[in-house]
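Colleague: I've got a new model open and I'd like to learn how to read its features. Could you walk me through it?

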Amino acid sequence: MKIDSAADLELVKEKSVENDSVVIKEKEVHIEEFQRVSISGEEKCGVPFTDLVDAAKCVVKALFIREKYINYSLQNFCKTTAHALQDLGLKILDMRMYDVAETPVDADARVHPPVSETHPYDNQDPKSMPGDTGYGCKMEGGVVHVYTKKTNMDKSTELDLPYPDLKEYIADLNVMMALVINGPVKSFCYRRLQYLSSKFQMHILLNEMKELAAQKKVPHRDFYNIRKVDTHIHASSCMNQKHLLRFIKRAMKKYPGEIVHIENGRGQTLKEVFETMNLTAFDLSVDTLDMHADRNTFHRFDKFNSKYNPIGESILREIFIKTDNHVEGKYFAHIIKEVMFDLEESKYQNSELRLSIYGRSRDEWDKLAQWAVKHSVYSDNVRWLVQVPRLFDVYRTKKQLANFQEMLENIFMPLFEATVNPRSHPELHLFLEHLVGFDSVDDESKPEHHIFNLDSPLPGDWTEEDNPPYSYYLYYTYANMTVLNHLRRRRGFNTFVLRPHCGEAGPIHHLVSGFMLSENISHGLLLRKAPVLQYLYYLAQIGIAMSPLSNNSLFLSYHRNPLPEYLSRGLMVSLSTDDPLQFHFTKVKSYWLGPSYYKEGPKCNDIRRTNVPDIRVAYRCETLLEELQLITHAVRTDGLDPIDEEDSLTMGPLPGQR
């Protein structure tokens, strides 16, 4: 166990030491009384009751749509919001969920997670892995279907692994798009957001001193030693420039004669690669690396991408920050492990690093997993996300893919094969145990020449060189992930979530797709222009990983970033680094947050671990409950059409269209 100082050691001795780990008893929840802001009178929302009812119906139906898709895919829906919707007495779709036992959490949960005695990649013997189920997998209409027999793959042998079909998704997408542009709903949501901002300012004015006092009462804990997770960071740029520079110089001195690249059929050593650029280790500096995003990258995603190339040379990017190259990603593995070591040393920092799968060939997953296992690229402080760049148009133009379904097969079929028979992909099976979910990445500001509707070509028929639209990518990623999650849940394996880049630029409908299908998103800048969606993201408490430094270099200047505004209104936002290389100059939740982390309201908070005052948590919870009560009460008063399995979620005529 790491002790931060002599004072900490004394504190540990006083609190008692059990098995070399600090134990903190579950606290009695007692919230110091604080000043609350309330609105009196019958009409509390500032709009006529009829407008409130119409808006509330639309908002509630939108929340039901999200709950349906999140339940389908076995992702997490906000408990507080779910309880408010349940109180309406409406029937949401039965997802035929498998019973999942809550992870037992000891009331005396230790502060520090137990250290694993074995490396998670040590057990590579395929014989010790779960056996083959004998299932067969086939992609039809862009979605993988699973059958009990490989020899007879028809409807009679298909496993019941539910997912929303294309017709249902398009219908719900149209409902959501109509809701977002509905004038009365926009007015209502805008007023509620303004109210939430003002209410927070009043809360701070009245309770700031009490919150500070509560934080000061807690020994040892401050911002620097609370657990922090960077939920949006790309592995290929997770190091800062100075770190990468030092590493390249070391490699030039240590491995000058190693063949690192094949040029015109001839191997090139590291020394020869740099000689062709007329560079020595002495010449290299942060300035010559030229990997810092500057004002020239603003609204220029192409220039931003080129900043990943050290010294502007794509060959150096391939050698040093790629997993699949002539040296089998050795250099990249070494520098990632150095970043991991820094995280472990700091103890309180954790990262979810994004690695890329492109969908150009079937063996990408196996190569990535073999890279991770061979080089032991693992840390308790790191989990993986896989990002899929939306580059079908590039691959199709180069004749690398025949149609979009081929790209989907390359991305998802290896995952189904590793789930059906882990022994067929042993490294991939081990790697997937530490994979959190999927991300969809690319320049959102690129124009989309196609509107996703029922007339859109199916993935097998998408042979044109134009890129499918954002919502098309997201639906087929979501649908395949949903089927995969149900299959993995049957086998007792971990499941995945969808966490795409969404709302950084481009049209509003990206955020609509994100609202319906994703557990969390990254960026969300365009919510500032869409009050209905911003209010819905608040009510559903959808996580938004925001990167003001990254946005400042690409799409939105720092002083205009909406993060402080989102935070004041109560949206679930977090700070993330995105790309430290470009922008920086320099489930163990029970241990990080306390044994009651899964509860709602102040009961979930342990200030001795989170450094967040109970007063703030209580304020956030009460405010969310008030907003949910406002809309559900209006719906309950006027009534809402029941929602059952035969009746897809559709919205009545918009106001003024009756």
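Predicted model: local features only at pLDDT ≥ 70, side-chain atom pairs only at ≥ 80, totals over all residues.

Colleague: How much space lies in the largest cavity?

Modeller: The general idea is that rolling a probe the size of a water molecule over the atoms shows where empty space is left. Here a cavity is a set of points, on a 1 Å grid over the protein atoms alone, where a 1.4 Å probe fits but cannot get out. Points are joined across faces, edges and corners, and the volume is the space filled by probe spheres set on them. In this model the largest cavity holds about 40 Å³.

Colleague: And which residues line the largest cavity?

Modeller: A lining residue has an atom within 4 Å of a point. The list is V388, F404, M407, L408, I411, F412, Y473 and T477. Two elements give two or more residues each, α14 (404-420) and α16 (470-491), and α14 has the largest share with 5 residues. Helices are DSSP runs of H or I with at least four residues, strands are runs of E with at least two, and both are numbered from the N terminus.

Colleague: What is the lining like by class?

Modeller: We count Ala, Val, Leu, Ile, Met, Phe, Trp, Tyr, Cys and Pro as nonpolar, Asp, Glu, Lys and Arg as charged, and the others, Gly among them, as polar. That gives 7 nonpolar residues, 1 polar and no charged ones.

Colleague: Next, helix packing. At what angle do α2 and α4 pack?

Modeller: Two packed helices are described by the angle between their axes and the distance between the axes. The axes are lines fitted to C-alpha atoms, over the stretch in contact for helices, and angles run from 0 to 180 degrees between N-to-C directions. For α2 (residues 49-72) and α4 (residues 166-180) the angle is about 150°, with the axes 10 Å apart. On the α2 side the contact (heavy atoms within 4.5 Å) includes C58, V59 and A62, and on the α4 side it includes E168, Y169 and D172. By class, that contact has 10 nonpolar, no polar and 3 charged residues.

Colleague: In what order do the 5 strands of the open sheet run?

Modeller: Two strands pair if DSSP finds at least two bridges between them. The order is β5-β8-β9-β10-β11, with parallel pairing, and the edge strands are β5 (228-234) and β11 (497-498). Inside that sheet, β9 (residues 382-389) and β10 (residues 435-441) share 6 bridges, and L385 has G437 as its bridge partner. Helix α12 (residues 364-374) lies across β8, β9 and β10, at about 155° to β9. There's also an open sheet of 4 strands, β12-β13-β14-β15, again with parallel pairing.

Colleague: Which residue takes a positive phi in the hairpin of β6 and β7?

Modeller: That's N264, with phi near 55° and 2 residues between the strands. β6 (residues 259-263) and β7 (residues 266-269) pair antiparallel over 4 bridges, with E263 opposite R266. In the hairpin of β3 and β4, G141 takes a positive phi near 60°.

Conventions
Residues numbered from 1 in each chain as written. Heavy atoms only, no water. 1 Å grid on protein atoms, 1.4 Å probe; cavity = no way out; pocket = protein on both sides within 12 Å on 5 of 7 lines; lining within 4 Å.
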